[in-house]
Amino acid sequence: MAGPGPDPDSGAGLRVAVVGGGAVGVTAAYDLAVAGADVTLFERGTVGSGASGRAAGVLYDAYAEDVDARIGARALERFRELSAAEPAAGSGVEGFTFRECPYAIVAPEGNDDLAASVRGAAERMRVHGRPVETLPGAELGDRFPGLRTGDVAVAAVARNAGWADTGRYVDAVAAHAEAAGAEIRTDSEASVSTTPPGVTVASEAPVTRRFEAVVVAAGAHTRRLLGDAGIEIPLKPYRVQALVSAGAYDGPMWYDAAAGVYARPHPAGLLAGDGTVPVEADPDDWERDADDWFRDEVTGTLRDRAGHDPAVERAWAGLCTATPDGDPLLGEVADGVFVAAGWQGHGFMRAPATGEILAAQVLGGSGVAQFDPDRFDGDEAFEIREGMRVEAGEAGPDPDGD
Ligand SMILES: Cc1cc2nc3c(=O)[nH]c(=O)nc-3n(C[C@H](O)[C@H](O)[C@H](O)COP(=O)(O)OP(=O)(O)OC[C@H]3O[C@@H](n4cnc5c(N)ncnc54)[C@H](O)[C@@H]3O)c2cc1C
């Protein structure tokens, strides 16, 4: 990992706890350790055992909104840097590889509003400097013979995109964080306290360790964890699903905006998903297997869109987190206590940048105003909205512009 990041020594001597060893937590831990902070990361299971290890690893900066586009671009820059770097010496972890691959957002014929939304979103992405082309179906087919495009009205094709094994990212960054001096404590379920910030590990209770800053990046458990410390945030976990299907596929990544299904190449064939269940899930009691309806719908779309005859090797679910406005909660919620959650299904691809922003905030820097958790009281009632959709009639995909 390289790049600007926080200045070395800007965190010298600062005692920081990070709760949660997903993509966001390990990235923040790494950046803070590089800045000289004394970092301890607490993970209740193994690193990557939350949503990050279950994610599809579709990565792009094709966002229609300027803040998202900037964050997406920075994240891709860091993914590529990590991909080019050697694994942390002596860590024994495998290297992380970013696989370049274009990403096509496809609007089939028969829905003019959807086609207009895809065109509008691509235009806004270009305004923000993102390399995105708008292609009619025939041209998409010439470009990517692996796709079935006979019914495609229009597609937005993003060049700055790729895919990766998400577990390897978490392992690789955690190893770099350790090499930079962070302590990574697995099997350490933590609770959080405030004034002063502290962490109590279940197996050490009632001993509470004090820190100058505590970062909570605990994915689906974040609301419960902060709620127990008296801090209310509006965050709801919900299930999304993915599957791996065997069989050759040599095409781009794609998102069929009408079917609401995405796919990317995978060493076994294709990895496909979405399968959002927009219902609040219990982070301690949820169904980890994929639903039958999801398998049926996705395999149907794989046949139609990629001419791929599916042989499902495995299918699974994981938890994403939603906020009232679809933007994340990233910043300080009490003196010295920071939150990072609410990625609406797009937390992995942004983690190298959001973890970096979080680390900078802990070190006294400013965050992203749009993501400030203070914009909510914490007790808002709201519906879970699918993170990945292109809304008919809107100028672009909502809410993240993908
Ligand atoms: C099927 C699926 C496909 C997805 N595909 C994509 C994709 O293609 N691209 C993309 O950008 N995003 C994708 N996502 C979303 C992505 O996985 C998440 O947004 C992202 O991984 C969130 O990272 P995180 O570090 O915030 O949380 P997590 O990875 O969930 O990490 C939180 C960690 O906190 C730990 N924890 C919880 N409570 C405690 C506690 N009390 N003490 C200590 N540790 C605790 C958990 O064990 C966990 O390891 C997908 C998600 C799923 C489920």
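**Notebook: loops, domains and a helix pair**

Entry 1. I began with Asp187, which sits in the loop between strand 9 (183-185) and strand 10. I was working on a predicted model. I looked up the backbone of Asp187 and found phi near 50°. That is a positive value, and Asp187 is a residue other than glycine.

Entry 2. I moved on to peptide bonds. The bond from Thr195 to Pro196 is cis, and its omega is near 0°. I placed Pro196 in the loop between strand 10 (190-193) and strand 11 (198-201). I then looked up Ala205 and Pro206, which are also joined by a cis peptide bond. Omega there is about 10°. Pro206 belongs to the loop between strand 11 and strand 12 (209-210).

Entry 3. Next I looked up the domains. How is the protein chain divided? I noted domain 1 as 15-93 + 165-234 + 324-399, and domain 2 as 100-160 + 236-322. Their C-alpha centres are 25 Å apart. Domain 1 gives 43 residues to the contact, and domain 2 gives 43 residues. I also looked up the buried area: domain 1 and domain 2 bury about 3,700 Å² between them. Carbon and sulfur atoms account for 57% of that area. I found 5 salt bridges across the interface of domain 1 and domain 2.

Entry 4. How many salt bridges does a search of the whole structure find? I got 22. I looked up two pairs by name. Asp284 and Arg44 meet through their side chains in a salt bridge, at 3.6 Å from N to O. This pair links distant parts of the chain, 240 residues apart. I traced Asp284 to the loop between strand 17 (269-277) and helix 7 (292-306). Arg44 I traced to the loop between strand 2 (38-42) and strand 3 (58-60). My other pair was Arg130 and Asp61, a salt bridge whose closest N and O atoms are 2.6 Å apart.

Entry 5. I finished with two helices. How do the axes of helix 2 and helix 8 cross? I read an angle of roughly 95° for helix 2 (residues 66-84) and helix 8 (residues 347-362). Their axes come within 7 Å. That angle makes helix 2 roughly perpendicular to helix 8. I then listed the residues that meet. Helix 2 brings Asp68, Ile71, Arg74, Ala75, Arg78 and Phe79. Helix 8 brings Phe348, Met349, Arg350, Pro352, Ala353, Thr354, Glu356 and Ile357. I sorted the contact of helix 2 with helix 8 by class: 8 nonpolar, 1 polar and 5 charged residues.

Notes: Residues are numbered from 1 along each chain as its sequence is written. This is a predicted model: local features need pLDDT of at least 70, side-chain atom pairs count only at pLDDT 80 or more; totals for chains, interfaces and linings use all residues. Side-chain values use heavy atoms; hydrogens and water are left out. Axes are lines fitted to C-alpha atoms, for helices over the stretch in contact, and angles run from 0 to 180 degrees between N-to-C directions. Helices (H or I, at least four residues) and strands (E, at least two) are DSSP runs, numbered from the N terminus. Angles under 35 degrees count as roughly parallel, over 145 as roughly antiparallel, 65 to 115 as roughly perpendicular and the rest as oblique. Contact means heavy atoms within 4.5 Å. Ala, Val, Leu, Ile, Met, Phe, Trp, Tyr, Cys and Pro count as nonpolar, Asp, Glu, Lys and Arg as charged, and the others, Gly among them, as polar. Domain bounds come from an automatic or database domain assignment. Buried area is the accessible area (1.4 Å probe) that two parts lose on being put together, summed over both. A salt bridge is a side-chain nitrogen of Lys or Arg within 4 Å of a carboxyl oxygen of Asp or Glu.
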